[in-house]
Amino acid sequence: MRLDTESVFKHLKFYLYPYTILLVLLMFSVPILTDLATDWYHDGNYSHGFFIIPISIFLFYRKRHDINLPAKTSRQGLALFVAGCILLIFGYAASEFFTTRFGLVIVLSGFAWYYLGNENFRKVWFAFFFLVFMIPVPAIIYHSATIPMQLFASKVTTSLLQLVGIPVMRNGNIINLPGYSLEVVEACSGLRSLVTLLALAALYAYFRLPGKVLPVVLFVAAIPIAIVTNVFRVFTAAFGAYAISKEVAEDFIHEISGLFVFFTALVIMVILGNILIWIRNRLRRS
């Protein structure tokens with residue numbers, strides 16, 4: 001492939017100002033992204049974060065031929081850019097990680113929206129929205145959601161075990177079986193699979209589902225799907241401990257159940273997506 005250097009120089013000269021701002025933004029983003037990568041590496045709840053930026057770049061790249069430049073700049077994009085800068089300043093001033101990281105996503109989105117214009121940005125907005133999934137939720141929200149989800153999983157699992165005739169009692173998030181106690185710890189609350197599933201649900205809905213309503217329905221449905229499949233995981237571990245042995249429950253079942261339940265949730269999500277498309281087609285024909 002022959003590179004037309006003259007065209008490249010013309011392009012860079014014409015867009016010197018936005019490219020300069022983008023370079024400054026990228027340099028400014030290095031410490032934020034470094035902190036994010038540290039969280040992705042050390043916190044299993046957000047290990048999917050390593051894939052978010054490459055996927056976002058791919059989403060933008062696949063739309064490159066649909067972008068028409070030069071384009072009229074967008075006032076809405078400028079407003080979003082300014083709002084993102086304010087979030088960044090407040091985030092840095094308060095040493096609040098979520099605000100700083102979210103502000104960075106808003107700044108990048110606003111910058112792109114401003115220079116690409118409204119029409120072009122409609123074609124690539126999802127690439128910037130998807131970056132939100134690389135940000136760990138604030139600790140206060142995480143801990144507020146984790147404990148109720150632990151209690152819900154342990155409570156429903158206890159009811160299911162009693163339903164199949166297994167003698168069991170619950171004490172908080174601890175399920176007491178004959179000769180064995182199963183604690184639904186923080187990692188088993190389901191929040192880990194929920195965060196990852198929400199990212200996958202957004203990606204699947206974007207590629208697979210038409211319109212605006214169906215993608216939102218599927219995205220929201222990922223929440224109960226993740227919760228239900230996690231309850232099934234806890235139930236499987238408790239049932240295995242009672243019917244086989246606690247060693248099997250703690251080792252074999254615990255190791256494979258997380259992966260199995262995650263793929264089960266994905267299958268349910270795909271089935272739901274196809275059902276939504278079928279309903280939509282039926283309604284349009286009637």
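## Lining of the largest pocket

The lining of the largest pocket divides into 21 nonpolar residues, 3 polar and no charged, where Ala, Val, Leu, Ile, Met, Phe, Trp, Tyr, Cys and Pro count as nonpolar, Asp, Glu, Lys and Arg as charged, and the others, Gly among them, as polar. The model is predicted, with local features needing pLDDT of at least 70 and side-chain atom pairs counting only at pLDDT 80 or more, while totals for chains, interfaces and linings use all residues. Residues are numbered from 1 along each chain as its sequence is written, and side-chain values use heavy atoms, leaving out hydrogens and water.

The volume of this pocket is about 740 Å³, and of the 24 residues that line it, L22, F60, F111, A112 and F128 are the closest to its centre. A pocket here is an open set of points on a 1 Å grid over the protein atoms alone, where a 1.4 Å probe fits, with protein on both sides within 12 Å along at least five of seven lines, and lining residues have an atom within 4 Å of a point.

## Helices around the pocket

At least two lining residues come from each of α2 (16-42), α3 (49-61) and α5 (97-129), helices being DSSP runs of H or I with at least four residues. The most is given by α5, with 8 residues.

## Packing of α2 and α5

The axes of α2 and α5 lie 11 Å apart at an angle of about 155°, and the two helices are therefore roughly antiparallel, a term for angles over 145 degrees. By class, their contact (heavy atoms within 4.5 Å) has 14 nonpolar, 2 polar and 3 charged residues.

Note on methods
Grid points are joined across faces, edges and corners, and a volume is the space filled by probe spheres set on the points. Axes are lines fitted to C-alpha atoms, for helices over the stretch in contact, and angles run from 0 to 180 degrees between N-to-C directions. Angles under 35 degrees count as roughly parallel, over 145 as roughly antiparallel, 65 to 115 as roughly perpendicular and the rest as oblique.
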